[in-house]
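My entries follow in the order I made them.

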Amino acid sequence: MSGAVDVVHTPADVRRARYAVGAVFTVHGAVTGSFATRVPWIQDHADVSTGQLGFALAFTAFGAACAMPLAGSITHRFGSRAALRALLALWTLALVLPALAPNLPVLCLAMFTYGAAAGMADVAMNALGVEVERLLDRSVMSGLHGMWSAGALIGSAGGTLAAHLGADARLHHVLASAVLTACGLVVCRWVLDIRPSEDEEPPPRFALPPRSALLIGAVGFCAVFAEGASLDWSAVYLRDRLASSAGVAAACTTGFMFTMAVARIAGDAVVNRFGTVRTVRAGGVLATLGGLLIVVSGQPAVAIGGFALMGLGIAVVVPLCFAAAGHSGPNPSQAIAGVATITYTSGLIAPSLIGGVAQATSLTVSFVVVTVLACGLVAFAGVLRGGERKGAKVSPRAAAVPDPRS
C-alpha cells in the first residue's frame, strides 16, 4: 500500500459524505428488509422445520461475528472508500443466496455467508460514520441508523408486495440485489477516502476487542437484548397474555419499530443538546418505564404503550455505542467490530433466552428480565463518556480539513 495520502476535504465534501454514508446505511437496511419478508418462502423452498430454520438463522450472527474483525484489515489495505464499495456490494449480492438454498446444510452455509457480508459492511460504514461525525463535531450516528431503519422499512415494503403477488423469492431477490448493488456503487463515490499514514501498522486480522469496546459493548448488549426481545415477542405477548387479536398484536410490533425509527432520526438533535451520557440515561429511564408498563399491563393498549416507550428509550443507544467505540481509541474499525460482535451476540441470544425463561416461568417474568437490563442503561451509561466526540469542528470559514487517519 502507498504511504499517507495528502488529501484535504472541504466542509462541502464532509457534508456530502454525510449524505452519502446515510444512503449507504439505507441500502444496507433495505437488504435486511428484503430478506426478512421472504423468510417463509425460503423456509418452504428449503423444506425445513421451524426449529431447523431457527438453527439456520443463527448462522447469520455466527458469520457476522467471525468476519467483522476482518473489516479493519481490509479498510487499512485498500482505503475506506474502496473497502466500503466492495463490502457493500458483497452484502447486496449475498441477498440472493438464501433463496437459492435447496436444503438445510446449504441454507446454513448461505446464512453464514450472508451474515459475514453483513457484518463486514456494517463495521466499514459505521467507521466512516464516526469519521464524518468527528469532522462535523456533532452527533450524526443516530440519524444514520435512522436511515438504516428507513431502508429496512422500504425493503420490507417491497418484499411484502412481492409476497402478496406470489413472486418467486429467487427472482425478487435477484432484482432487488441488482438495484441495491447499483445504488451502493453510486453512493460510495462520495464517501470519504481515508487511508493510513505511511508508518502505521496494519491492524491484526483477528484480535480480542479492547477493554473500552467491552465496556461500551455491555451497554449495547442491554439495548439490543431489549430490542430483540420486543421485536420477536411483543406480538406473542399481546396474543398469549392479553388475548389480543392478530391485528392488534401485529400493530404492537409495528408501533415498536416506528418509535425506534422516529427516535433515531430525531436523536441527533437530542444528543447534540444534552450529550451522549444524559441521552442514554434518559433513554434507559423511558425503556425501564416501558418495561414496567408491559409487566403490569392488563390491557392491550397499556402494553402497546409500554413497547412504544421501550422502542423510544433504546433507539439511540446502539448508534451512540458505535460512535463512542469509534472515538475511544486509535483504531475505530477494531473497536467498532468489538462492540458489533457483542451486540450481534445479544441479538442472537435474546429471543431464545426469552423463550426459555417463558417456558420455565412465564412471558411476564421474561420481560422482567428485559426491564432489569433496561435499568442497566441508566446505571452504566457513564462508560460512554470517554468516547464522546473529540476533534475540531468544520467551520464554514475553513478552506479544507486534513484527511483523518483511519
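This is a predicted model: local features need pLDDT of at least 70, side-chain atom pairs count only at pLDDT 80 or more; totals for chains, interfaces and linings use all residues.

How many disulfides does the count come to? I noted 0 disulfides, with a pair of cysteine sulfur atoms within 2.5 Å as the rule.

Next I turned to helix packing. I recorded the angle between the axes and the distance between the axes, as two packed helices are described by these.

I logged the crossing of α10 past α16 as left-handed. On the α10 side I listed contact residues including V219, C222, F225, A229, W233 and R241. On the α16 side the contact residues include L363, F367, V370, L373 and F380. Sorted by class, the residues of this contact of α10 with α16 are 16 nonpolar, 2 polar and 1 charged.

I then took α10 with α13, which spans residues 300–314. These two axes come within 10 Å and cross at roughly 170°. That angle makes α10 roughly antiparallel to α13. From α10 I noted A223, E227, S234 and L242 among the residues that meet α13. From α13, P300, I304, F307 and I314 are among those that meet α10. The class count for the contact of α10 with α13 is 11 nonpolar, 2 polar and 1 charged.

I compared the two lists for α10. A223, A226, S230 and Y237 are in the contact with α16, and A223, A226, S230 and Y237 are also in the contact with α13.

My last entry is on V295, which I found in helix α12, residues 276–296. Is V295 buried or exposed? Its relative accessibility is 17%, so V295 counts as buried. Leaving out residues up to four places away in sequence, I listed Y237, R241, T364, F367, V368 and T371 as what V295 touches. Of these, Y237 and R241 were already in my list for α10 against α16, as were T364 and F367. I also checked V295 against G306: they are 11 residues apart in sequence, and their C-alpha atoms are 8.7 Å apart in space.

How values were computed:
Residues are numbered from 1 along each chain as its sequence is written. Side-chain values use heavy atoms; hydrogens and water are left out. A crossing is left-handed if the near helix is turned anticlockwise from the far one by less than a right angle, and right-handed if clockwise. Helices (H or I, at least four residues) and strands (E, at least two) are DSSP runs, numbered from the N terminus. Contact means heavy atoms within 4.5 Å. Ala, Val, Leu, Ile, Met, Phe, Trp, Tyr, Cys and Pro count as nonpolar, Asp, Glu, Lys and Arg as charged, and the others, Gly among them, as polar. Buried means under 20% relative accessible area, exposed over 50%, partly exposed in between (1.4 Å probe, protein chains only). Axes are lines fitted to C-alpha atoms, for helices over the stretch in contact, and angles run from 0 to 180 degrees between N-to-C directions. Angles under 35 degrees count as roughly parallel, over 145 as roughly antiparallel, 65 to 115 as roughly perpendicular and the rest as oblique.
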